Amino acid sequence: MGDHNVGALDQDSLRDFTRALLDDVQALEQMLDAGMIESGIQRIGAEQEFCIVDKSWRPAPLAEAMLERLDPKFFTTELAKFNVEANLSPLRFEAGSLLAMERELEGCVAQARAAARELGGEVVLSGILPTISEEHIHLDWMTPQTRYYELNDALVNIAGGEFRTLIKGVDQLQTTADNVMLEACNTSFQIHFQVAPEEFARLYNLAQAVTAPVLAAAVNSPVLLQKRLWQETRVALFQQSLDSRTDTQRKRGTRTRVSFGDSWVKESVLEIYKEDVARFRSILGSELGESSLAVLERGEVPDLRALCLHNGTVYRWNRACYGVGGGKPHLRIEARALPSGPTPLDEVANAAFLFGLMAGIEKHHGDVTQVLLFDHVKENFVNAARYGLKAQFHWVEGEVLTAKDLILN
């Protein structure tokens with residue numbers, strides 16, 4: 001959720017925001033119908049989250065001081081005082097682009113490391129920092145910005161004042177919290193892939209299908225609060241630490257704000273946006289300005305601010321994103337499942353594996369929705385997070401095989 005100027009919604013502002021949200025969906029639909037969304041080019045990008053530690057490798061609240069030393073064009077805050085984020089430049093997806101991404105990423109890590117060392121600290125790339133303890137998951141460690149407090153208050157209010165976490169692995173973690181700071185334990189390497197609207201459904205479904213084998217090879221977060229849990233504990237933790245459902249909603253199996261989804265996309269990105277708008281109430285608002293439909297009527301490109309803000313509070317593991325770059329609107333798939341680290345080379349290798357599988361699976365098997373059941377793909381994702389390379393996957397033609405065998409063979 002990159003919008004800094006946000007606030008809670010009362011009844012009047014909720015009504016206005018909902019109207020703007022529905023206008024944004026309608027405007028996007030009109031842009032898709034009119035062929036206004038950028039096509040004919042694919043781009044990649046990424047977001048890198050860092051853990052900041054002291055000389056004992058424990059979390060260090062140095063983010064604000066570091067950001068004073070870092071380029072705001074690339075670096076920004078995260079939820080906790082012991083995290084910062086770097087946003088890499090969008091690159092045309094072509095020969096050499098992954099090498100360029102790796103070099104820029106290495107540069108960002110070097111800059112962050114230098115800033116941390118000036119303050120007596122260090123940065124670490126890890127899905128979950130193993131040295132985080134109970135003392136670090138309280139509001140005293142939240143980055144002091146309004147948007148984070150507002151998001152916390154809104155989700156706590158919906159959840160009835162309490163979040164419950166139960167994760168079983170080698171050990172068991174069972175805890176309750178009155179805030180969202182457990183989510184701050186997670187750090188990730190989020191990959192963005194810009195696609196044309198006519199190829200969105202096909203490529204999004206492919207991203208869903210291949211997330212499990214890529215994640216199985218990338219896992220690095222087995223420890224949380226001194227407990228040995230899943231191979232990629234981030235997946236379970238993120239879903240539970242922001243689970244704002246009531247007991248009744250849990251019993252009914254209502255989907256959480258953090259999810260993998262429930263079905264393939266059939267035709268358009270609109271299916272995702274419409275489902276999320278219908279399923280999840282808006283929890284934060286902002287000054288929205290002119291109606292997106294009015295902007296569109298004038299022949300200009302709307303930023304769809306309400307839709308993007310709402311989308312920033314619904315956390316699909318593969319998220320649909322709308323943006324405007326160089327005056328042109330575009331669509332992206334944001335792959336959110338991969339952990340930060342352990343090195344930039346590992347992260348870019350994971351990205352290469354993801355992009356390669358998206359191309360190769362379709363080449364060998366055609367329409368992935370015809371050879372894999374969505375329920376199996378969703379189950380594969382959870383198994384990858386729990387067991388890493390030892391996970392068992394349901395694959396094409398009814399095969400059941402380990403992640404290791406699938407990846408190698």
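Visitor: Which residue's side chain is joined to that of Glu38 by a polar contact of 3.0 Å?

Guide: Welcome to this predicted model! Glu38 sits in the loop between α1 (11-33) and β1 (43-53), and the residues it touches include Gln194, Pro197, Lys328 and His330. The side-chain partner in the polar contact of 3.0 Å is Arg43.

Visitor: Is Glu38 buried or exposed?

Guide: The relative accessible area of Glu38 is 11%. Buried means under 20%, so with 11% Glu38 counts as buried.

Visitor: How do α1 and α8 run relative to each other, roughly parallel or roughly antiparallel?

Guide: Happy to walk through that one. The axes of α1 and α8 are 11 Å apart, and the two helices pack at an angle of about 170°. Leu21, Leu22, Val25, Leu28, Glu29 and Leu32 of α1 meet Leu270, Tyr273, Lys274 and Val277 of α8. Angles over 145 degrees count as roughly antiparallel, and α1 and α8 are therefore roughly antiparallel.

Visitor: How many aromatic pairs does a search of the whole structure find?

Guide: The search covers the whole structure, and its count of aromatic pairs is twelve.

Visitor: What is the geometry of the pair formed by the rings of Trp264 and Phe374?

Guide: The ring centres of Trp264 and Phe374 are 5.3 Å apart, with the planes at 85°. Planes over 60 degrees apart count as edge-to-face, so the Trp264 and Phe374 pair is edge-to-face.

Visitor: How many residues apart in sequence are the parts that this pair ties together?

Guide: Trp264 belongs to the loop between β11 (258-259) and α8 (270-279), while Phe374 belongs to helix α12 (residues 374-387). Both residues are buried. Because one partner is in that loop and the other in α12, the pair ties together parts whose separation in sequence is 110 residues.

Visitor: Which residues in α12 do the α5 residues meet, and what is the hand of the crossing?

Guide: From α5, the residues involved are Gln208, Ala209, Thr211, Ala212, Leu215 and Ala216. They meet Phe374, Val377, Asn380, Phe381, Ala384 and Ala385 in α12. The crossing of these helices is left-handed.

Visitor: Which residue's side chain is joined to that of Ser188 by a polar contact of 2.9 Å?

Guide: Ser188 has its place in the loop between β7 (172-177) and β8 (189-195), and Ser188 counts as buried at 4% relative accessibility. Beyond four places in sequence, Ser188 touches residues including Glu47, Glu49, Arg234 and Arg336. Its partner in the side-chain polar contact of 2.9 Å is Gln190.

Visitor: How far apart in space are Leu79 and Leu284, C-alpha to C-alpha?

Guide: Leu79 is found in the loop between β2 (75-77) and β3 (83-87) and counts as buried at 7% relative accessibility. Among its contacts beyond four places in sequence are Trp141, Met142, Tyr148 and Val180. Leu79 and Leu284 are 205 residues apart in sequence, and their C-alpha to C-alpha distance is 16 Å.

Visitor: What is the peptide bond from Gly341 to Pro342, cis or trans?

Guide: Most peptide bonds are trans. Pro342 lies in the loop between β14 (328-335) and α11 (344-365). The bond from Gly341 to Pro342 has omega near 0°, and it is cis.

Visitor: What is phi of Trp57?

Guide: Most residues other than glycine have a negative phi. Trp57, in the loop between β1 and α2 (63-67), is partly exposed with a relative accessible area of 47%. Trp57 is not a glycine, yet its phi is positive, near 65°.

Visitor: Where is Gln226, and is it buried or exposed?

Guide: Gln226 also has a positive phi, about 65°, although it is not a glycine. Its place is in the loop between β9 (223-224) and β10 (227-228). Exposed means over 50%, so at 52% relative accessibility Gln226 counts as exposed.

Key: Residues numbered from 1 in each chain as written. Predicted model: local features only at pLDDT ≥ 70, side-chain atom pairs only at ≥ 80, totals over all residues. Heavy atoms only, no water. Phe/Tyr/Trp six-rings, centres within 6.5 Å; stacked < 30°, edge-to-face > 60°. Helix = DSSP H or I, 4+ residues; strand = E, 2+ residues; numbered from the N terminus. Buried < 20%, exposed > 50% of the residue type's maximum accessible area, 1.4 Å probe, protein only. Polar contact = N/O pair within 3.5 Å; in protein donor to acceptor, adjacent residues only side chain to side chain. Contact = heavy atoms within 4.5 Å. Left-handed = near helix turned anticlockwise from the far one by under 90°. Axes fitted to C-alpha atoms, helices over the stretch in contact; angles between N-to-C directions. Parallel < 35°, antiparallel > 145°, perpendicular 65-115°, else oblique.
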